[in-house]
Structures are given as C-alpha cells and as structure tokens.
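Work through the exercises below with the structure in view. Try each task before you read its solution.

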Amino acid sequence: MAIRRLLALVAVWTAATAQAQETTSIYEPIGTATGDRSLLEDVGQYGIPDPVPRQEERKKPDPFRISVVAIGDYTTFGQDDASVDQLGVQEDKWQIRALRLSFLGTFGSGDFKLSYQVSGEYKGFDSDPNEDWQMTDISITLAKGDRSKLTLGKTKETFAYEMVGDSANLPVVERVLSPFYVSRNTGARFTHVWGPNKRGTLSFGVYNDDWDIDTKKSARRGVDSSVRLTALVWDDPADDSHYLHVGASFRNVASKGELRYRGRPGTNASDNFIDTGSFDADGALHMGLEAMLALGPISVQGEYTTAWVDAPTMGNPSFDGWYVTGSWILTGDHRPYDRNVGYARRVVPKGRWGAHELIARWSDVDLRDSQVDGGRFRRIDAGYNWWATQRWKFGLHYGHVWLDRFGERGQTDTLMTRLQWVY
C-alpha cells in the first residue's frame, strides 16, 4: 500500500509539472567542471516519460521553487541460523525510503545573495519509527560571489563524502559508514571554493543538537564541530569526465557523559547489525579520508573513517570503517563532478533510453576495541542502476553480509529493489 501511494503521488506530481519550466534544484548538478554552463543543456527527450526533460540555465535568482525527492524500496532477506540468533528474523518489507518536499529560493544579485531552504521528509534518515514526518533542513545561506557562503540553521555537517553528498547521487543504494556521522545538525557552516578554476573546497562548521526540534533530549550530545578539505588534484582540460578527487575531514563529537555507535549494513530495512550500546565517554574525534578516480564511464571511489573515543573507563577504544566502490556505466555516460561542493553528482544520461550502470562494493565496519564490543560487519555488493532519465532511476542491488557478534559469525543476504524520482 505504501508503494502504491508513493507511485500515485509521483504520478500526480508528474502530470502537474509536465509543462513547467525547468530550474536547478539542490539535487541537480551545479555546472560542469568549469562551473559556467548547464550540465543538462544537451539532454533531449527521453523514451521514458519525464515531467521536465530539459534544463535551461537560470539567468536570474529564483525567489521560490519546489523540489521533490521520492524513493521507494522493497528489501528481502536471507539468513543462516547464526544470523537469526544474533539479530532475530529480518522481515522482508516495502518501504518509503524518502519522501521529501523542499521549498527554496534565492534573492539578490551581484556579489551578495541570500537563499533559504525548508524541507520536510517522511521517514528520513534520522526519523524516529514512531514519527511519520520530520524537518530535514531549515536554513538560510549568505553567499559572496560564487566562492564563499555561510549557512545558518539545520543542515548537513561537513564530514564524510557519503553524507555530504545527497543519497540520490550515490551509485550504491545505501551508505555503510553511518555509525560515524549524523544526517543533519543545527548550527553554522562556512564553505569556500579555493584555487584557480575552483580546484578545491574548504568547509567547516559548529553545531549544537540542543537546538534541533526533532532530536530527542535523551540523544542530544551538545556542541559538535567539523571540517572538510577537498582537492581536484588532476583533471583533463579536454574531457571533464576524467578527474581525481581527494579529501580529508575531521569531526569533534561532544558528549554529555555517554556515547553510542550503531549502524545498519547498507540497508535501511534491517535492524542495527552493529551496536555498542551507550557507554561512558567524554567525547570523540573522528577522521575521514576520501578519494574518487573517474575515467569517463569507469570510476572507483573509496573512503576510510576512524573514531578515537575519549572513554577512560572503557579503555579509550577506537573504531573504524571503510569501503571501496567501483562503477562502470555501460552506455558511456559519466558521473559529473561539482567543483562548488567537492563531490560527484548523479548520472545524467545522454541517450534516449537512459544510462545503464554496474556497481560493486566491498565494505568493512568494526565497532570492537578495548572493553567495547559492538560487533563487526563485512559486506560485498553487486548492483545495477538504470538511470532512465535525469530524474528516474531504477536500482537492483544484492549484498552479502558477514556479522561477527555475540561470539558467532552470522551470514545475511539482502536483495533490494529501488525506484527513485527527483525533481
């Protein structure tokens, strides 16, 4: 029933906007490698119906526009006896993974602009299972030129490639390093694009989840801070689909006497496979390293994250996680790099029948050290994405998970089907 309602909503929205003029949303690519023209200007009609199949470059700031993200999943599980002992039975389920409505706009001209974003989401990344809706983003941004901007309000922290980029852009269906970051936090974030021809970004922020209207009081930590530095260390001036991105980030995690690390293994439909439970801690420092090499339709992306926890009574444990993802777009399309934010956007297919992408990933997250045993999972993924248009995506992803926890090694298979539409 949930998926039927989701598809009905998408169909109504599609019909209502079929004749609308295209504008760039926060989920769209923001310029090419040089940042001076629309990535979608050469895209024509697709074979699959798309409400607005062509994007025109916006000449003036738009004071009001709407963005919609609708993602529906079906996930099925297979478990051995050890996995059932560790986790209980994981039920197959349909899920509205995301249903986000955003209102955003920009005022001003010249060197100074003011923009805003207000987003509400149904069962978002941080949603409480007992709450249907949450406010995902509530922020205003002051920009000086096209290089520096200050954002105030509820927004993303400047940590980890997986989270800084929107999930709709990623080649895989779900993130795996979730124990090491939060989806949103409330505070101030500054971003500067540096170097000739926008070679990199520097972003940092200070946040306090005591100000967040959606975070439970029992889960609040207080003041966090983060910084992320990226660089485009190589690119081909004649072909913007060839580049090498690197980055590093740090996150200082506050504590009000306790911390807890937990996460799911690349599927939102399961229980938490790894979980330290709450333990006495004075805070933690997280570090992340990231890299992405793109050679046209072939790309390799990797990330490593570690957490050094200040918890003397628990032996000051450290936790870590990493993944490597490979992508091959069979139709020759590529994932465009956005120099304004320091990550790659989603595939924008050039052909009438879209782009076909094969995905493979290996990941490993370990929450065991000293006197803390939250378990460890390793996961392999193989997947297929059909980027049918610039907005529609269909994904089919298989994963196999090895979980070491409670003195056993359990094995779990997951098969996920995803339908995604972004406006």
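**Exercise 1. A serine and its contacts**

Leaving aside its neighbours within four places in sequence, which residues is Ser241 in contact with?

Solution. Start with the ground rules. This is a predicted model: local features need pLDDT of at least 70, side-chain atom pairs count only at pLDDT 80 or more, and totals for chains, interfaces and linings use all residues. Residues are numbered from 1 along each chain as its sequence is written, and side-chain values use heavy atoms, with hydrogens and water left out.

Step 1. Locate the residue. Ser241 lies in strand β9, residues 239-253. Helices (H or I, at least four residues) and strands (E, at least two) are DSSP runs, numbered from the N terminus.

Step 2. List the partners. Contact means heavy atoms within 4.5 Å. Beyond its neighbours within four places in sequence, Ser241 is in contact with Ala294, Leu295, Gly296 and His334.

Step 3. Check the burial. Ser241 counts as buried because its relative accessibility is 6%. Buried means under 20% relative accessible area, exposed over 50%, and partly exposed in between (1.4 Å probe, protein chains only).

Step 4. Look at the side chain. That of Ser241 makes a polar contact with the side chain of His242, at 3.2 Å. A polar contact is a pair of N or O atoms within 3.5 Å; within protein, one must be able to donate a hydrogen and the other to accept it, and residues adjacent in sequence count only if both atoms are side-chain atoms.

**Exercise 2. A proline in a loop**

Find the loop that holds Pro297, and explain why Pro297 counts as partly exposed.

Solution. Step 1. Pro297 is in the loop between β14 (283-295) and β15 (298-310).

Step 1. Pro297 counts as partly exposed because its relative accessibility is 25%.

Step 2. Now look along the chain. Thr331 is 34 residues from Pro297, and their C-alpha atoms are separated by 7.8 Å.

Step 3. Not counting residues up to four places away in sequence, Pro297 touches Ser327, Trp328, Ile329, Gly332 and Asp333.

**Exercise 3. Salt bridges**

Which residues are linked with Glu174 in a network of salt bridges?

Solution. Step 1. Side chains of opposite charge can pair when their charged atoms come close. A salt bridge is a side-chain nitrogen of Lys or Arg within 4 Å of a carboxyl oxygen of Asp or Glu. The structure holds 22 salt bridges.

Step 1. Take one pair. Arg97 and Glu174 meet through their side chains in a salt bridge (2.6 Å, N to O). This pair links distant parts of the chain: Arg97 is in strand β2, Glu174 is in the loop between α3 (161-164) and β6 (185-194), and they are 77 residues apart.

Step 2. Take another. Arg418 forms a salt bridge with Glu174, with the closest N and O atoms 2.8 Å apart. Here 244 residues separate the partners, and Arg418 sits in strand β22, residues 408-422.

Step 3. Check the burial. Glu174 counts as buried because its relative accessibility is 7%. Arg418 is buried too, with a relative accessible area of 2%.

Step 4. Asp73, Arg97, Glu174 and Arg418 are linked by salt bridges.

**Exercise 4. Strand pairing**

In which sense do β2 and β3 pair, and over how many bridges?

Solution. Step 1. Two strands pair if DSSP finds at least two bridges between them. Strand β2 (residues 93-107) and strand β3 (residues 112-122) pair in the antiparallel sense over nine bridges.

Step 1. Find a facing pair. Thr106 stands opposite Ser115 in β3.

Step 2. Inspect the turn. The hairpin of β2 and β3 has four residues between the strands, and Gly108 takes a positive phi near 100 degrees.

Step 3. Move to the next strand. β3 and strand β4 (residues 133-144) pair in the antiparallel sense over eleven bridges. Val118 stands opposite Ile138 in β4.

**Exercise 5. The core and the whole chain**

How many residues does the largest nonpolar core have?

Solution. Step 1. A nonpolar core is a set of buried Ala, Val, Leu, Ile, Met, Phe, Trp, Tyr and Cys residues joined through side-chain atoms within 4.5 Å. The largest has 41 residues. Among those with the most contacts inside it are Phe180, Leu259 and Val309.

Step 1. Zoom in. Beyond residues up to four places away in sequence, Val309 touches several residues, including Tyr261, Phe279 and Phe319.

Step 2. Zoom out. The protein chain has three helices and 22 strands. Of its 423 residues, 55% count as buried.
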